[in-house]
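Hi everyone, thanks for making the time. Please have the sequence and the 3D view open while I talk.

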Amino acid sequence: MQQVHIWNAARIAVCILVAVYIIAPIVIVLIISFSSAPFLTFPPPGWSMQWYENIVGNPAWIRSLWVSLRVMLPAGIAATVLGTAAAFALNRGRIPGAAAINGILMAPLVVPVIITAAALFGVFRIWGLYGTIGGLILAHTVLTIPYVLSTVGASLQLVDRRLEDAAANLGATPWMAFRSVTLPLILPAVLSGLLFAMVISFDELVVSLFISTPVVRPVTVQMWSNIRGDVDPTIAAIATLIFLFSLAALLVESVMSRSGGRKTPFS
Amino acid sequence: MPSTVIRDRRAWLVAPALALLLAAFVYPVFWLLLRSASDPVWGFHNYATALSEAIYLKVLWNTVAISGATTIFCLLFGYPMAYTMVHAGPAARRILIYIVLIPFWTSILVRTFAWLVLLQPKGLINDILLGIGLIARPLELIYNRTGVLIGMVQILLPFMVFPLFSVLSRIDGSYMKAAANLGAPPLPAFFRVYLPLSLPGVFTGCMLVFIISLGYFITPALLGGRRDIMVAQLIQEQIDQFGDWGLSAALAMILLAGTALIFTLAHKVFGVKPAIRA
């Protein structure tokens with residue numbers, strides 16, 4: 001019995017260490033972003049907002065944040081509309097080769113992203129999309145469709161099809177049935193797919209690195225090119241902003257999934 | 001029958017997404033595949049170069065070795081974590097879930113940057129270790145394989161914990177009770193009853209972590225050594241600095257083939273399904 005206690009204690013010790021290992025780095029970057037020192041010391045000798053003022057005062061950061069937003073919104077919306085439509089068709093329509101189509105739509109998730117990046121860089125240069133907002137939007141839409149498809153698809157499987165049949169029997173057109181019966185039921189999943197898509201677009205680095213130029217540069221690529229030079233806490237401030245954006249999305253998602261009665265992966 | 005017509009019409013809703021993926025994903029990947037066999041001249045010479053020259057073989061071997069080590073460490077850290085999540089009370093479970101989920105939602109770049117700060121010779125970790133007198137000189141924790149592993153294990157841990165958690169939470173507790181009632185001491189009972197039941201989760205988690213590691217770029221590029229690179233960095237370097245499309249396309253296809261092979265094997269042998277978002 002003594003042996004079991006030792007093993008349990010060891011297991012819990014490992015858990016605590018792993019929890020610290022997972023969380024501590026992010027927390028430390030958060031704290032350093034408010035440091036008064038011009039280098040990345042911890043703990044900071046004093047506090048200041050100067051690195052956030054740096055971001056606001058630096059046109060390069062503002063420009064790249066603006067690029068990220070202009071890519072994130074259209075890409076997220078396009079991926080949500082196309083992904084939801086595809087999920088609906090794959091779940092409700094009779095499609096020859098549905099499994100193969102599903103495989104193609106999910107492929108960007110499985111294919112290593114460096115391959116997608118190199119491939120898109122190659123053809124985008126030929127198509128004139130290299131270094132354009134349109135090219136970034138197109139790439140991010142492709143990369144985020146799988147997330148919408150799997151989220152909305154899972155939700156559609158839970159919707160009772162007899163409700164849609166009832167609407168059809170009562171004379172609703174397929175569009176009316178979708179609009180007034182199906183869509184309200186899957187709305188939490190659609191919105192969480194949208195959030196997912198926008199966060200992934202905002203955080204995306206590898207593909208953006210290949211297909212963007214110094215003129216049209218999303219914030220992650222800007223951060224990447226700065227990390228390799230002189231690092232001051234401005235980068236920590238940018239990292240904090242990116243982190244808070246993801247955290248806010250996660251909170252919205254978890255509130256939505258609870259109110260929508262949808263099960264989170266762990267509940 | 002009218003409803004059949006309606007159902008078939010609804011099927012067309014998949015067309016826009018499919019057209020987009022064919023044009024802006026499938027075609028570009030095929031374009032890359034063609035480059036590997038046609039740049040600068042037709043033939044398999046790019047593959048021959050990638051698979052015969054010592055420098056490229058070393059990079060491919062590095063990739064497998066780093067991915068393997070990442071997988072093993074993720075399993076060693078992830079199993080106790082998932083086990084504790086399953087057997088903890090509701091409050092502790094919720095906290096642990098958020099501890100795993102929050103980094104999962106955080107940009108890889110942000111997390112890698114955090115390690116860049118912590119692992120410096122004058123970074124926090126060396127400061128602490130020097131401060132408590134555990135080491136006399138700063139450890140070399142960054143720009144080498146140690147740094148890559150520290151960063152990659154932390155970032156990929158959720159992909160191990162998610163599938164493990166879902167399998168472990170479905171294991172029927174009465175098996176362990178039965179083993180105990182039949183006189184098995186707890187530890188042998190764990191290794192002979194519980195562990196075998198959890199193997200599907202172990203395989204899924206290991207496969208996910210290994211496959212994702214194979215194509216990793218950001219973390220090894222920032223935390224790794226210049227002479228100890230992985231295949232994704234080599235692909236980027238060949239395109240960015242040398243414009244060598246043929247060789248980098250061949251390396252990309254070798255990476256893709258390796259990924260697909262492991263995926264298929266895992267699927268055929270263990271029935272693993274690709275649940276990326278658990």
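This is a predicted model: local features need pLDDT of at least 70, side-chain atom pairs count only at pLDDT 80 or more; totals for chains, interfaces and linings use all residues.

Residues are numbered from 1 along each chain as its sequence is written, chains are lettered from A and ligands numbered from 1 in the order in which they are written, and side-chain values use heavy atoms, with hydrogens and water left out.

Let's begin with chain A. It has 11 helices and zero strands; helices here are DSSP runs of H or I with at least four residues, strands are E runs of at least two, and both are numbered from the N terminus. The C-alpha atoms of chain A fill a box of roughly 70 × 70 × 30 Å along the principal axes. Of its 267 residues, 54% are buried, where buried means under 20% relative accessible area, exposed means over 50%, and partly exposed is in between, using a 1.4 Å probe and protein chains only. Chain A exposes about 11600 Å², with 69% of that supplied by carbon and sulfur atoms; accessible areas come from the Shrake-Rupley method with a 1.4 Å probe, and for residues only the protein chains shown count as cover.

Now chain B. Here we find 13 helices and zero strands. Its C-alpha trace spans about 80 × 70 × 30 Å along the principal axes. Buried residues make up 54% of the 278 residues in chain B. Its accessible surface comes to about 13000 Å², and 70% of this belongs to carbon and sulfur atoms. Among contacts in chain B with a separation of 6 or more, 70% are between residues 24 or more positions apart; a contact means heavy atoms within 4.5 Å.

How many residues of each chain take part in contacts between chain A and chain B? The count is 85 residues of chain A and 78 residues of chain B. The area buried between them is about 7700 Å², and carbon and sulfur atoms give 83% of it. Buried area is the accessible area, with a 1.4 Å probe, that two parts lose on being put together, summed over both.

On to the core. The largest nonpolar core has 175 residues, and Met223(A), Leu32(B) and Phe113(B) touch the most other members. By nonpolar core I mean a set of buried Ala, Val, Leu, Ile, Met, Phe, Trp, Tyr and Cys residues joined through side-chain atoms within 4.5 Å.

Next, the charges. The whole structure has five salt bridges over all chains, a salt bridge being a side-chain nitrogen of Lys or Arg within 4 Å of a carboxyl oxygen of Asp or Glu. One of them joins Arg92(A) and Glu164(A), with the closest N and O atoms 2.9 Å apart. Arg92(A) sits in helix 3 (residues 59-92) of chain A and Glu164(A) in helix 7 (residues 161-169) of chain A, so this pair ties together parts 72 residues apart in sequence. Both Arg92(A) and Glu164(A) are buried.

How many salt bridges cross the interface of chain A and chain B? The rule finds one. Glu164(A) also forms a salt bridge with Arg10(B), where the closest N and O atoms are 3.9 Å apart.

In chain B, look at Asp228(B) and Arg145(B), a salt bridge with its closest N and O atoms 3.0 Å apart. Asp228(B) lies in the loop between helix 11 (218-223) and helix 12 (231-240) of chain B, while Arg145(B) is in helix 8 of chain B, so the pair ties together parts 83 residues apart in sequence. Asp228(B) is buried, at 18% relative accessible area, whereas Arg145(B) counts as partly exposed at 30%.

Last stop, Thr84(B). Is Thr84(B) buried or exposed? Thr84(B) counts as buried, because its relative accessibility is 10%. This residue lies in helix 4 (residues 54-87) of chain B. Beyond its neighbours within four places in sequence, Thr84(B) is in contact with Arg11(A), Cys15(A) and Leu96(B).
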